[in-house]
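Subject: The structure we talked about

Hi there,

Here is the structure I promised to pass on to you. Have a look at it first, and then read my notes below.

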Amino acid sequence: MKDNIVAISTAMTKGAISIIRMSGKDVISIANKIFKGKNLEEVESHTIHYGYIVDQEEIIDEVLVTIMKAPKTYTMEDVVEINCHGGIITTKRILETILNYDIRLAEAGEFTKRAFLNGRIDLTQAEAVMDLIESKSNQARKQAVNQLTGKLSSQISNLREKIKDLLASIEVNIDYPEYYDIEIVTTKKIEEVTQKLITELKNILNNSKNGKIIKEGIKTVIVGRPNVGKSSILNSLLDEDKAIVTDIEGTTRDIVEGSIQIEGIPLNIIDTAGIRQTEDIIEKIGVEKSLSLIDEADLILLVFNSNENLTEEDKKLLTKIDKNKTIIILNKNDLNQKLKLIDFKDYHVVSSNTIDNNGIDSLKEKIKELFNLEQIESNNTTYLSNARQISLVNKALKSLEEVIIGIKEKLPIDMLEIDLKQAFTLLGEVIGEEYSDEILDHLFANFCVGK
Ligand code: GDP
């Protein structure tokens, strides 16, 4: 296939070892031209060789070279990897020496792109490679590995097979239009199978919320009037003094962030400036930002001082929030209680104080409950893991729903065929059975060079 490519695959910092990777039909012969030790063109596949990289007469480094011949390689092409001494200068010098030959620098993600184009992995697996590199928690890593092994691909392929069967029976129908009975039977079958597919796609989409949480964590904001104890709660959760706790109203002006893990899922917490009407312009920016953060958040921790009655602002805040994603914290329960748990029985609510960290554990438990974190932890399902996959599955779902509408409206069977074909194509795009160069370029542009 195509031309020869090369890239430095390890990070460009000082380190014990760097790896320079090459792929393409001539890379073994190119490596041989700059290698002193033995004839690399005569060695077996998947073997490692000790020697020196030389540029003409000059020895550049002492290295180990791995020779992997097509097709059992990452790209399914001939691949050579040079393990040299780490260090930016040495690594770059070797790269420059290689570039004197008929080989060019690889683009971002080009090795993985070749693995895809040569049929070794599909698109969801290519995406999993990137997710794996970028995973921020152990859960995210597990999910990426699951996807890398092809679990999501086979789930999507199964759905496509079912649609393909339907399309085949429609073809039979169109080929023998004189048998009216067949059309009735076929339509009934299409309706039954399509309904099942719709349910399956809806399940996959529902589950994909978990996928997002695993990958990106739970975006959490702490809101409430000044001085109710937001920063103290953040500190108790974080167990460190990242947010500065003070007595002066409205001091937490800048938004303070921190992250903890619950059941292996990152909880990314933002402490907002106190929400209240204010004339102070700096603080106002903070307040406006808080309100927009409420909309974007997966979880809102709304803090009240249980030692005071609700103000008009508190009541207003209560109307602004989405109950299903909010936990109300009645803080300062060490003081005289004016607000009681029972007053908030329609909400998720906990009582706490940050003096002796009372209630912080119940808060964590509540978060676990709200997001089913224990279930995610033990669950081995593969979730759709990015917006590209989710939007395609959504579109496929819409096409299938069109099929059902068409049946209700008694449309001719070849009209149903159009929507079924559409769903088939869209699901094909998820795994990359169908793709455009534009999509590929966009997707792989986000990869690291050398991967
Ligand atoms: P924020 O403005 O909402 O971030 O509130 P802070 O966390 O800065 O706390 C305001 C004041 O309330 C500080 O003096 C804290 O020490 C105090 N405070 C915070 N939590 C509690 C609590 O549970 N009980 C009591 N008695 N005081 C608290």
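In which helix is Lys 230 found? Lys 230 is in helix α8, which covers residues 230-238. Please keep in mind that this is a predicted model.

Is Lys 230 buried or exposed? Its relative accessibility is 5%, and buried means under 20%, so Lys 230 counts as buried. The side chain of Lys 230 also reaches the backbone oxygen of Gly 224, at 3.1 Å.

Lys 323 sits in the loop between α10 (312-320) and β12 (326-331). With a relative accessible area of 38%, Lys 323 is partly exposed. Leaving out residues up to four places away in sequence, Lys 323 touches Asp 346, Tyr 347 and His 348. Take His 348 from that list: Lys 323 and His 348 are 25 residues apart in sequence, and their C-alpha atoms are 7.7 Å apart in space.

Now for the whole chain. It has 15 helices and 13 strands, and of its 451 residues, 48% count as buried. If you take the contacts with a separation of 6 or more, 66% of them are between residues 24 or more positions apart.

Next, the sheet. An open sheet is formed by 7 strands in the order β3-β4-β5-β6-β2-β1-β7, with mixed pairing. At the edges stand β3 (35-36) and β7 (104-105); each has a single partner strand, so one side of each is left without a neighbour in the sheet. Further in, β4 (residues 47-55) and β5 (residues 58-68) run antiparallel and are joined by 9 bridges.

Helix α2 (residues 88-98) lies across β1 (5-8), β2 (17-23), β4, β5, β6 (79-85) and β7, and it runs at about 75° to β5. Helix α3 (residues 110-117) lies across β1, β2 and β7, running at about 135° to β1.

In soluble globular proteins, nonpolar side chains tend to be buried together. Here, the largest nonpolar core has 31 residues, and among those with the most contacts inside it are Ile 163, Ile 190, Leu 201 and Leu 427. The elements giving two or more residues to this core are α6 (151-175), α7 (180-216), α13 (387-408) and α14 (413-431). Which element gives the most to this core? That is α14, with 9 residues.

Not counting residues up to four places away in sequence, Ile 163 touches Leu 197, Leu 420, Ala 423, Phe 424 and Leu 427. There is also a second, separate core of 28 residues, which includes Ala 140, Ile 218, Ile 327 and Phe 371.

Last, look at helix α15 (residues 437-445). Its buried residues are Leu 440, Leu 443 and Phe 444. What covers the buried residues of α15 includes α3, α4 (123-134) and α13.

Happy exploring, and write back with any questions!

Best wishes

Technical notes: Residues are numbered from 1 along each chain as its sequence is written. This is a predicted model: local features need pLDDT of at least 70, side-chain atom pairs count only at pLDDT 80 or more; totals for chains, interfaces and linings use all residues. Side-chain values use heavy atoms; hydrogens and water are left out. Two strands pair if DSSP finds at least two bridges between them. Helices (H or I, at least four residues) and strands (E, at least two) are DSSP runs, numbered from the N terminus. Contact means heavy atoms within 4.5 Å. Axes are lines fitted to C-alpha atoms, for helices over the stretch in contact, and angles run from 0 to 180 degrees between N-to-C directions. A nonpolar core is a set of buried Ala, Val, Leu, Ile, Met, Phe, Trp, Tyr and Cys residues joined through side-chain atoms within 4.5 Å. Buried means under 20% relative accessible area, exposed over 50%, partly exposed in between (1.4 Å probe, protein chains only). A polar contact is a pair of N or O atoms within 3.5 Å; within protein, one must be able to donate a hydrogen and the other to accept it, and residues adjacent in sequence count only if both atoms are side-chain atoms.
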